[in-house]
Amino acid sequence: MCGIAGALVYEPKVARLDRLLAAVSASAARGEDSFGVVRWSPSSGFRRFCRIGQSQDGWLQSVGVPEAAEPTIYIHTSRAEPTTEWRREKSETDIPPFVESGIAVAHNGIIANDEELVTKYNLSRMSLIDTAILPSLAASIGVWEATAAIKGGFALSIIDSHRTALVLCRNFLPLSLAWEPGIVCFASEAAFFSGADQPFQSYQVWDLPPYTGIELYSDGYCTPVAWEKLPNRQAKATRYPYPQLDWRVHG
């Protein structure tokens with residue numbers, strides 16, 4: 001089973017990376033095939049770290065810490081085989097997360113209709129790995145429309161650089177979020193977050209409900225939307241601010 005993790009750092013001055021680092025490290029244990037991280041910020045664009053196998057040493061140093069005065073988004077995939085698109089020989093182009101046309105996608109699960117979507121929308125395909133069609137699909141028809149079009153079991157994290165947004169959605173595969181000042185993390189399991197087994201935590205954990213999606217921005221979030229309403233989501237849905245809490249005051 002694959003694992004995904006990542007974070008939106010929306011206030012770098014107060015954000016701590018402990019939960020992100022712990023989640024990525026825990027996720028790596030679920031995927032012996034490959035390890036990848038994609039980072040995006042408005043000024044630096046996309047940066048990518050990828051390795052065959054489980055090696056994760058130096059990924060943060062490679063892609064870079066958060067920018068000092070702007071949002072930074074990280075998404076990660078640890079991929080496990082065998083799957084329906086198993087490949088004996090792999091290259092860097094077969095390592096998720098995949099990036100194309102301003103969209104990056106990390107995916108846990110299986111897309112059963114990837115060949116159909118490639119034909120229907122005349123998509124480019126950088127790899128035979130099923131996830132590889134998703135950036136092109138989202139760029140062609142829209143993020144939520146793409147989510148509605150795919151079949152299979154999945155949890156997805158999507159960087160939409162055109163809107164400076166992190167989109168998280170799932171059907172029946174789990175996805176958990178952890179909030180603390182300045183940062184929202186996500187992972188395939190709540191147990192991936194450091195200290196999750198402790199009775200008193202310094203952060204909030206929330207499980208994204210099945211068959212819903214949520215959008216996160218630097219200035220707030222849009223409430224979760226039920227699956228059947230995703231394709232019709234208004235472009236400018238109401239945004240709610242993140243809680244106001246500063247480690248310098250409540251440390």
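Buried denotes under 20% relative accessible area, exposed over 50%, and partly exposed the range in between, with a 1.4 Å probe and protein chains only. The model is predicted: local features need pLDDT of at least 70, side-chain atom pairs count only at pLDDT 80 or more, and totals for chains, interfaces and linings use all residues. Residues are numbered from 1 along each chain as its sequence is written, and side-chain values use heavy atoms, with hydrogens and water left out.

Select helix α4 (residues 134-141), where Leu134, Pro135, Ser136, Leu137 and Ala138 are buried. Helices (H or I, at least four residues) and strands (E, at least two) are DSSP runs, numbered from the N terminus. The cover over these buried residues of α4 includes β6 (103-111), α3 (114-121) and β7 (152-160). Just after α4, Gly142 has a positive phi of about 105 degrees.

Next, select strand β12 (residues 212-217), of which six of six residues are buried. Thr212, Ile214 and Leu216 lie on one side, with Gly213, Glu215 and Tyr217 on the other. Two strands pair if DSSP finds at least two bridges between them. Five bridges link β12 to the antiparallel strand β8 (residues 165-170), with Val167 opposite Glu215. A hairpin of two residues leads from β12 to β13, and Gly213 stands opposite Val225 in β13.

Finally, display the open sheet of seven strands, ordered β3-β2-β4-β1-β10-β9-β11 with antiparallel pairing. Strands β3 (45-52) and β11 (204-207) are at the edges, each with a single partner strand, so one side of each lacks a neighbour in the sheet. Within this sheet, Leu177 stands opposite Trp206 in β11.

Definitions and conventions. Contact means heavy atoms within 4.5 Å.
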